[in-house]
Structures are given as structure tokens and as C-alpha cells.
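Q: I would like to learn how to read a model like this one. Please put it on screen, and let us take the features one by one.

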Amino acid sequence: MKGQGPSFSAQICCREHPDTPLVEDSHAGDMICPECGVVVGDRVIDVGSEWRTFSNEKSTKDNSRVGAAENPLFEGSDMSTMIAIGTGSDSLRDEFGKPMYRNRRTMNSSDRALLTAFREIGQMADRLNLPKMLVDRANTLFKQVHESKTLKGRSNDAIVSACMYIACRQEGVPRTFKEICAVSKISKKEIGRVFKLILKNLETNVELITTGDFMSRFCSNLGLPSSVQKAATHIARKAVEMDLVPGRSPISVAAAAIYMASQASDDKKTPKEIGDIAGVAEVTIRQSYKSMIPKAAELFPADFNFSTPIDSLPLN
């Protein structure tokens, strides 16, 4: 082709079969004529890619040559080569007294602890369907706690769970303590205790959670339509503004609001069904609902389409 130099196979050919394309034996580096078997060229230089893949899948093409990208959260985890320059027993020298090369392929104990924690955070995020951005924040939080050494004696699993909870709050996708407990091996009480310690020692803060933070996810998991979700959001917000549920957690209020909105629609849900999704006890939902039902007429949005009138709603 014009503008390109001829390839090696185009420069040589078999004398007996000049028009026959040559076959390259990549293992031996030979160019062979397939008609007569004559080795036309030998010691051919392979100009292809030098990497190999050891995957069991034949269709897999692994172009990686140096492993995963270096993680900036680790220290000393690169694959660099160091030459000993110390003296006495600190130096590494061969039998001729020359400095020895040493590949830094081993992690120190601190990085091993970080690696284990980061792996656990990644697994928890996968179970909770959380994005990579949130995993990075949780990893950074854990590294800050690890380096501060203020929580020595606390279980790394508890710190990991608390960091995941804080990261969810800070990224605006809060999860409940019970949801974090479900994907970890730590009790709700211990996660809550470590959560408070981290906030105190790192001097960080989290936004206060509101009923709206959970409404969309709870309603979606319950299979409720958008009209019920909209009504439940309005009910919960009005109940808080009117101070009908003092001392109740936003999750309990959200669950009670969903119960009220669903009972007034065609898609009715029981406190048990809602409690299983929200992680709230059935009796807690009923207690919050009981505080809200006397003012139900003021809580529903004006454009809500009632399937069950307010007067016929259950009293608890």
C-alpha cells in the first residue's frame, strides 16, 4: 500500500511457489511455505503484543501487563525496586559486597489491614447496590480513622460498618442502621457506638436525615405507585411540621405515613409489610400512625384521589 513499508512476509517468498502466502510459526520464528514445507525465513522477530493471558476462557483477552492501578490510599504498595545503600547489618549486599536489588512486593501490616477493610467495604456496597463514589468516600474515612489511631481496640468490622453508614449519609443516600447490620457481622448497638466515636474524633459531621430520604426507596420496594409515594411524602412532612410525632425517628414517621397513604388508596399495605421493608417494628408504626390519624384530613395533599375515605381509615 502507498505510504506504508512492505511487511516481512511480502519481501520474501518461496522460489517454487512465489504466489503462495507464507505461514508463520510463531514458536520457532520461521516463515514456511505451506505447499512444499520449505523454511523460507528464520528467526523472525515477533512485533506483536508481548503480554499473555492465563485465563481459562479462550475468548478472554487480557491486555493488562502490570496489574491493577496503584491505590493512593496505600503506602509502599507499589512494585518499585530499591537498592540498599545502608551500612553494616542494615544493608543488603551480595557475596562480592555489591548492593543487592530488592523488589518491594510485600505489604506492611498497616496496608494489609487497609486492604482487608477496603475489600469488606466493597462487598458491603455491592450488597447494598451503592455506587463506586460512595465506596471511595468510605475507604477514605476508614483510612483517616486508621491513621488517627483513636479507635484502637475497636473491631475493624465495626469501624468499616460505621464508615459505610457515614459515607451514605454524607453522599445523600442514607441507609438505616438495620440495613447496614444486614450486610455486616456487627450489631446495631456497636455500629451506633463507633459511629458516634468517629464523628467525635474526626470532627466531621453528617446531615440530619429526614423522612424524604427513605420514602422513595421504601415505596419502590413495596411496589407502591408514585401517587401513594407523593401522598406519603406530603403526610410525613406535614406531620413533622405540625409536631404530631415528637421524639419519633424519621424512619418511623416515614413508615407510618406510607401506611396511612396506602390505606387510603387501592394499594393497601399492612404495618408488618411496611416494617419488613423499613426495618421498623410493627408496634412502632402503629404508635406513630395513632398520633397522626386524628389530623389525617390536614395531612393528605389536596389533589389526592381517595379510594377509602378518611372516616373509614383504621384507627391504629
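A: Start with a term. Buried means under 20% relative accessible area. By that cut-off, both F214 and F218 are buried. Keep in mind that this is a predicted model.

Q: How many residues does the chain have, and what share of them counts as buried?
A: The chain has 316 residues, and 36% of them count as buried. Its accessible surface comes to about 20,000 Å². Carbon and sulfur atoms hold 49% of that surface.

Q: What does the secondary structure come to?
A: Twelve helices and five strands.

Q: How is a pair of aromatic rings described?
A: By the distance of the centres and the angle of the planes. A search of the whole structure finds eight aromatic pairs. In one of them, F177 and F195 have ring centres 5.9 Å apart and planes at 70°. Planes over 60 degrees apart count as edge-to-face, so the F177 and F195 pair is edge-to-face.

Q: Where do F177 and F195 lie?
A: F177 is in helix 5 (residues 177–182) and F195 is in helix 6 (residues 188–202), so the pair ties together parts that are 18 residues apart in sequence. Both F177 and F195 are buried. Ring pairs also bring in Y165, linking Y165, F177 and F195 into a cluster.

Q: Are the rings of F214 and F218 stacked or edge-to-face?
A: Their centres are 5.7 Å apart and their planes are at 15°, so the pair is stacked. Both residues lie in helix 7 (residues 212–222). They are four residues apart, about one turn of the helix.

Q: Which residues of helix 7 are buried, and what covers them?
A: F214, M215, R217, F218, C219 and L222 are buried. Their cover includes helix 5, helix 8, helix 9 and helix 10. After helix 7 comes G223, with a positive phi near 75°.

Q: What does F300 touch?
A: Leave out residues up to four places away in sequence. F300 then touches H234, I235, M260, A261, A264, F306, I310 and L313.

Q: What surrounds A232?
A: A232 lies in helix 8. It is buried, with a relative accessible area of 0%. Beyond four places in sequence, A232 touches M215, A257, I258 and A261. A232 and A256 are 24 residues apart in sequence, with their C-alpha atoms 8.6 Å apart.

Q: And I180: buried or exposed?
A: I180 is buried, with a relative accessible area of 0%. I180 has its place in helix 5. Not counting residues up to four places away, I180 touches M124, L128, S161, M164, Y165, R175 and I191. R127 is 53 residues from I180 along the chain, and their C-alpha atoms are separated by 9.8 Å.

Q: How many disulfides does the structure hold?
A: A disulfide is a covalent bond between the sulfur atoms of two cysteines. The structure holds zero. For C33, the nearest cysteine sulfur is that of C14, 3.7 Å away. The cut-off is 2.5 Å, and C33 is in no disulfide. C33 is buried, with a relative accessible area of 1%. C181 is buried too, at 18%.

Technical notes
Residues are numbered from 1 along each chain as its sequence is written. This is a predicted model: local features need pLDDT of at least 70, side-chain atom pairs count only at pLDDT 80 or more; totals for chains, interfaces and linings use all residues. Side-chain values use heavy atoms; hydrogens and water are left out. Helices (H or I, at least four residues) and strands (E, at least two) are DSSP runs, numbered from the N terminus. Buried means under 20% relative accessible area, exposed over 50%, partly exposed in between (1.4 Å probe, protein chains only). Accessible areas come from the Shrake-Rupley method with a 1.4 Å probe; for residues, only the protein chains shown count as cover. Rings of Phe, Tyr and Trp (its six-membered ring) pair if their centres lie within 6.5 Å; planes under 30 degrees apart count as stacked, over 60 as edge-to-face and the rest as tilted. Contact means heavy atoms within 4.5 Å.
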